[in-house]
Amino acid sequence: MTNMIAENDTAALDLLLDKVYQDGGHDFRGYKHGTVTRRLERRLHATGARTYLDYIQFLDAHPEEYQRLAEDLTIKTSGFFRSPYAFQQVARLVLPELVAYKRKKGEQRLRLWSTACARGEEPYSIAILLAESLGQRLKDFDISVYATDISQQALKEAEAGAYSAKDVTGLTATVLESYFTHYGESYVVKTDIKQMLRFSYFDLTSNMGVPFTDLDCIFCCNVLIYLQKTLQEKVLKTLYDSLATPGYLMLSEVETPTNNLLEKLECLDSKARIYRKSGGGEHV
Ligand SMILES: C[S@@+](CC[C@H](N)C(=O)[O-])C[C@H]1O[C@@H](n2cnc3c(N)ncnc32)[C@H](O)[C@@H]1O
């Protein structure tokens with residue numbers, strides 16, 4: 001396998017990624033090459049292609065391969081409350097400030113966005129966190145948790161909201177009982193949590209502009225790490241433009257983007273990577 005890939009040079013990879021974008025509609029050109037090539041190896045192996053050029057020919061003959069490739073290139077590893085510390089800090093630092101601000105302004109809408117929602121664990125965790133933190137006050141708010149991703153397969157599973165016992169390991173018995181219904185082998189998210197969620201396809205790297213504006217809170221976790229620096233900066237600009245003032249941005253602990261935009265945001269927790277966009281006089 002290693003020899004096979006060694007025959008593929010960067011020019012052929014660029015050609016292949018251009019083709020996947022032009023003919024397949026999936027843009028992986030700005031992703032880190034290491035991840036892309038490791039994942040591509042699997043598709044080459046599965047299709048019997050020896051080189052990227054062979055694989056390009058395979059794509060021409062089997063257009064359904066574009067979707068398989070896109071699914072293989074997207075890494076969907078996730079988990080409920082994946083970073084417990086970050087969620088704890090959102091509950092401690094962000095939600096009280098946000099709720100106080102909304103109260104002061106007499107606003108009921110709370111709009112949050114899970115930008116790479118994978119199979120739904122992150123947006124459902126956000127909704128559960130809101131339910132836990134707001135308690136009786138939950139009904140005072142009109143809440144939307146937008147959840148987007150580029151994996152159609154992941155979005156379908158996220159919408160179903162059904163998880164295996166392994167998926168929900170780590171959730172307490174109380175959380176499971178309060179927010180999930182146990183049917184046979186599955187734990188299904190209850191309707192009052194599900195109804196806060198709005199799932200849709202959105203490619204963070206696209207040139208389509210911002211899909212939402214005036215958002216209170218954005219989670220962009222474990223996705224920037226797959227992108228090259230220039231693309232990371234483009235995505236962060238989209239997120240910045242989507243935020244309200246005040247608005248909060250959560251990156252994951254593994255991400256260390258050091259760009260101009262982060263200089264415009266105030267860091268509330270450097271470990272959890274929680275940032276606030278503040279405007280003149282808008283602080284709570
Ligand atoms: C490792 S998962 C992260 C899931 C979740 N945010 C978390 O932190 O647990 C990465 C997700 O990013 C999605 N993704 C990759 N590129 C994307 C893009 N350009 N736009 C939106 N989602 C993308 C993948 O499909 C995958 O579901």
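A residue is called buried when its relative accessible area is under 20%, exposed when that area is over 50%, and partly exposed in between, with a 1.4 Å probe and protein chains only. By this definition, buried residues account for 51% of the 284 residues in the protein chain. The model is predicted, so local features need pLDDT of at least 70 and side-chain atom pairs count only at pLDDT 80 or more, while totals for chains, interfaces and linings use all residues. Residues are numbered from 1 along each chain as its sequence is written, and side-chain values use heavy atoms, with hydrogens and water left out.

**Fold and dimensions**

- The protein chain contains 12 helices and 10 strands, where helices (H or I, at least four residues) and strands (E, at least two) are DSSP runs numbered from the N terminus.
- The radius of gyration of the protein chain, taken over C-alpha atoms, is 20 Å, close to the 19 Å that the globule rule (2.2 Å times the number of residues to the power 0.38) gives for 284 residues, so the chain is as compact as a globular protein of that length.
- Along the principal axes, the C-alpha atoms of the protein chain fill a box of roughly 60 × 50 × 30 Å.

**Contacts**

- With contact meaning heavy atoms within 4.5 Å, 74% of the contacts in the protein chain between residues at least 6 apart in sequence join residues at least 24 apart.

**Ser200**

- Ser200 lies in strand 6 (residues 197-201) and is partly exposed, with a relative accessible area of 31%.
- Leaving aside residues up to four places away in sequence, Ser200 touches Ala147, Thr148, Asp149 and Leu155; Leu155 is 45 residues from Ser200 in sequence and 7.4 Å away in space, C-alpha to C-alpha.
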